[in-house]
Amino acid sequence: MERIPLYFIFPPGIFILGLFLIAFLCRKSKTVYILSTTLGTTLYLLSIEPVKDLLYNPLEKAYPVPKRWDADAIVVLGGGSYNTGVLKEDSLKRILAGFVLHKESSKPIILSGGSEVNNLPDAEIMKSFLESLGVDRKKILTETQSTSTRENAKFIKRVMDKHGYKSILLVTSAYHMKRAVKSFQRENIQVIPYPTDFKRDGRYNLYSLMPKMSTLNDSYKAIREYIAYIVYDVMD
């Protein structure tokens, strides 16, 4: 219990308190009061675990993890990297899942992901990571041109055609899988979804109701994914 005040000293808790304080001090101004209260409440809700999980439920429940699968290759989609050449959390979890699947099946791995700036492409960083784990480089193929999910599918199709692959096991974050599957199906690729990197917790206590920056970041990812999926529908 003694840790609870700390959640309101650091962001986003301090900003939530600030917005509610503004609402209280400016309560005579209806516009300011409603705006501050709305912003504070919204920021709080997006920063707690039950609401974050509620956002992820429709995304992460779309495809279950298959118990058995049969495909010509394993495709791992990049999830970003830092300027230092270190994989971001999503990328790391995806490539670890791909590594385990490769060790179990000996299927070749196709890594997909370019770079939006002048950094080493995500696919090359993931390749180096796999090689450091002992994966034979002959079993690793890379696609380094894509900067979006649509392009992932487009350029992976070229790799598949070149090597005669007909089907793939698609590895990406569970929240991203619906949009990814849709993109690959648009390219007439036979795809088996293998979701990983689940964001939902489902177990709550008092601290689950405390605002956290990591939870706010996860909520942002979910909202961004909904927007991207809607844009994909409009563009079809």
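These questions and answers walk through a predicted model of one protein chain.

Me: How many helices and strands does the protein chain have?
Reply: Start with the order of the elements. From the N terminus on, they run α-α-α-β-α-β-α-β-α-β-α-β-α. The tally for the protein chain is eight helices and five strands.

Me: What share of the residues of the protein chain count as buried?
Reply: A residue is called buried if its relative accessible area is under 20%. The protein chain has 236 residues. Its C-alpha atoms fill a box of roughly 70 × 40 × 40 Å along the principal axes. The share of residues that count as buried is 43%.

Me: Which residues does a cis peptide bond join?
Reply: Look at the segment before helix H1, which spans 13–25. Pro 12 lies in that segment. The bond there has an omega of about 0°. The two residues joined by this cis peptide bond are Pro 11 and Pro 12.

Me: Is Ala 23 buried or exposed?
Reply: Ala 23 lies in helix H1. Leaving aside neighbours within four places in sequence, Ala 23 is in contact with Tyr 33, Ser 36 and Thr 37. Its relative accessible area is 2%, so Ala 23 is buried.

Me: What distance separates the C-alpha atoms of Ala 23 and Leu 39?
Reply: Ala 23 belongs to helix H1. Along the chain, Ala 23 and Leu 39 are 16 residues apart.

Me: Where is Ser 112, and what is its relative accessible area?
Reply: Ser 112 sits in strand E2, residues 109–112. Beyond four places in sequence, Ser 112 touches several residues, among them Val 76, Leu 77, Met 126 and Ile 156. Ser 112 is buried, because its relative accessible area is 0%.

Me: Are helices H6 and H7 parallel or oblique?
Reply: H6 covers residues 149–163 and H7 covers residues 177–186. Their axes are 8 Å apart and the packing angle is about 40°. That angle therefore makes H6, relative to H7, oblique.

Me: Is the crossing of H6 and H7 left-handed or right-handed, and which residues make the contact?
Reply: The crossing of H6 and H7 is right-handed. H7 brings Arg 179, Ala 180, Ser 183, Phe 184 and Arg 186 to the contact. From H6 come Thr 149, Arg 150, Asn 152, Ala 153 and Ile 156.

Me: How do the residues of the contact of H6 with H7 divide?
Reply: Both helices contribute, with Ala 153 of H6 and Phe 184 of H7 among the residues. Sorted by type, the residues of this contact are four nonpolar, three polar and three charged.

Me: What phi does Ser 106 have, and how exposed is Ser 106?
Reply: Ser 106 is in the loop between helix H4 (89–105) and E2. Ser 106 is not a glycine, yet its phi is positive, about 65°. Its relative accessibility is 45%, so Ser 106 counts as partly exposed.

Me: Is Asn 188 buried or exposed?
Reply: Asn 188 lies in the loop between H7 and strand E5 (190–196). Asn 188 is not a glycine, but has a positive phi of about 60°. With 69% relative accessibility, Asn 188 counts as exposed.

Methods:
Residues are numbered from 1 along each chain as its sequence is written. This is a predicted model: local features need pLDDT of at least 70, side-chain atom pairs count only at pLDDT 80 or more; totals for chains, interfaces and linings use all residues. Side-chain values use heavy atoms; hydrogens and water are left out. Axes are lines fitted to C-alpha atoms, for helices over the stretch in contact, and angles run from 0 to 180 degrees between N-to-C directions. Helices (H or I, at least four residues) and strands (E, at least two) are DSSP runs, numbered from the N terminus. Angles under 35 degrees count as roughly parallel, over 145 as roughly antiparallel, 65 to 115 as roughly perpendicular and the rest as oblique. A crossing is left-handed if the near helix is turned anticlockwise from the far one by less than a right angle, and right-handed if clockwise. Contact means heavy atoms within 4.5 Å. Ala, Val, Leu, Ile, Met, Phe, Trp, Tyr, Cys and Pro count as nonpolar, Asp, Glu, Lys and Arg as charged, and the others, Gly among them, as polar. Buried means under 20% relative accessible area, exposed over 50%, partly exposed in between (1.4 Å probe, protein chains only).
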